[in-house]
Amino acid sequence: MERLKNMGLRRSFFLLSVLCLAGALLLTYGVYQTCARVADRYPTYGVVITSDGMVTSMEVPTPEQERVRELLGRIQILAVLIIPVSGLGLAGILFYRLKLRTPIAVLNNGTERIRMHDLDFSIPEVSADELGQICAAFETMRGELMRTNQELWRQAEERRRLNAAFAHDLRNPVTVLKGTVKMLRQGNGDAQALERLETYTLRIEQYVEAMGSIQRLEQMPVHFKTINTDLLRDELLETAKLLAPSHEVSVTAPDAADMELDHGIFLTVAENLIGNAARYAGGRLEICLRITQASDENRLILSVCDDGVGFPQELLRNGPKPFGRKEADAVHFGIGLYSSQMLCAKHGGELLLKNRPEGGAVATAVFGIRL
């Protein structure tokens, strides 16, 4: 039975039809022969001519015996007509029960649950035939729909948090602007009020630009191309010289090796991490580039260490958040670490933050690469 369930639809239907039709024909033959043997027990009309020419009349059947013989003949005719057709019908019933009923029920149930926006279920493996393959494809589709819905929900939730942070962080500068405008209208304004008005207007402009940059990052595609580690090392050193000119910088990288990654995403993350480290470092930066290889995945790892005060504990607990910043840093909106985390995730990796026991912070960007 299990072998029949895993057999292809066409082959299984043919096999069931042959078996049921063969059984029906055997049954028909048995019914026909049985009726014939029963009928032979009753007398019939006619005469018997022996070898010596003697003619003997046969016993005449009674009306009741005649009716029995007639009934047996009808049974024979009906058996020849009905039993083979019934055999084919039985083949169809068995084919439906063994091959169609369970997959159709599973697909109907899955379709109904998807129609009700319920994706929290799984399609069981029903068989290895064509309908089983359809069920497996349906399960794959359900899984993709669920992942897509989860991603859309995550993006919507992230966008909601962004909007909430945007509204919250704009409240203070807008309040200052309103108070300054009120003072100007009352004739109490001075050069300081105008300078404050200009400063907070510029701050709001920078803030809006930062908000737009995050939305653009969400839509940024990943384009792989071949890059050599020597080029990356030189670019890291040049970036450190530009962003941390007064700091002592060391850059280490593996020997020359080619890999495929998105060069633009790598440089954007590197600039963010180096710039962030330079802002809070005491006087030294250590930049390390390395490659890890495994049977299932290859990784490019960029670590940026500084000798500053380290990351805040809240940042280490909750991870980078958009528009999160230290109270003392009124200009910096905390976009760098958050966008780096987003770009690493797009590149099949992650962003890891920790503090060193001897002091300072370590930001590690992991990228999925092709070797």
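**Briefing: fold, confidence and helix packing**

In the protein chain, 70% of the contacts with a separation of 6 or more are between residues 24 or more positions apart, a contact being heavy atoms within 4.5 Å. Keep in mind that this is a predicted model, where local features need pLDDT of at least 70, side-chain atom pairs count only at pLDDT 80 or more, and totals for chains, interfaces and linings use all residues. Residues are numbered from 1 along each chain as its sequence is written, and side-chain values use heavy atoms, with hydrogens and water left out.

**Overall picture**
- The protein chain has 9 helices and 9 strands; these are DSSP runs, with helices being H or I of at least four residues and strands E of at least two, numbered from the N terminus.
- Out of 371 residues, 34% count as buried, meaning under 20% relative accessible area with a 1.4 Å probe, protein chains only.
- Carbon and sulfur atoms hold 57% of the accessible surface of the protein chain, which totals about 22900 Å² (Shrake-Rupley method, 1.4 Å probe).

**Confidence**
- The average pLDDT of the protein chain is 82, and 83% of the residues reach at least 70; pLDDT is the predictor's confidence in each residue, from 0 to 100.
- Residues 326-333 have a pLDDT below 50, and this stretch has 19 contacts in the model beyond near neighbours in sequence.

**Helix pairs**
- Helix α2 (residues 9-39) and helix α3 (residues 63-115) have axes that come within 8 Å and cross at roughly 160 degrees; axes are lines fitted to C-alpha atoms over the stretch in contact, and angles run from 0 to 180 degrees between N-to-C directions.
- That makes α2 and α3 roughly antiparallel to each other, a label for angles over 145 degrees.
- The α2 and α3 crossing is right-handed, so the near helix is turned clockwise from the far one by less than a right angle.
- Helix α6 (residues 229-243) packs on helix α7 (residues 263-280) at about 35 degrees, the axes being 10 Å apart, and the crossing of α6 and α7 is right-handed.
- Among the residues that meet there are L231, L232 and L236 in α6, and F266, L267 and I274 in α7.

- Q341 sits in helix α9 (residues 335-346).
- Its relative accessibility is 28%, so Q341 counts as partly exposed, the class between buried and exposed (over 50%).
- Setting aside neighbours within four places in sequence, Q341 is in contact with P320 and L351.
- G319 is 22 residues from Q341 along the chain, and their C-alpha atoms are separated by 9.1 Å.

Methods. Parallel < 35°, antiparallel > 145°, perpendicular 65-115°, else oblique.
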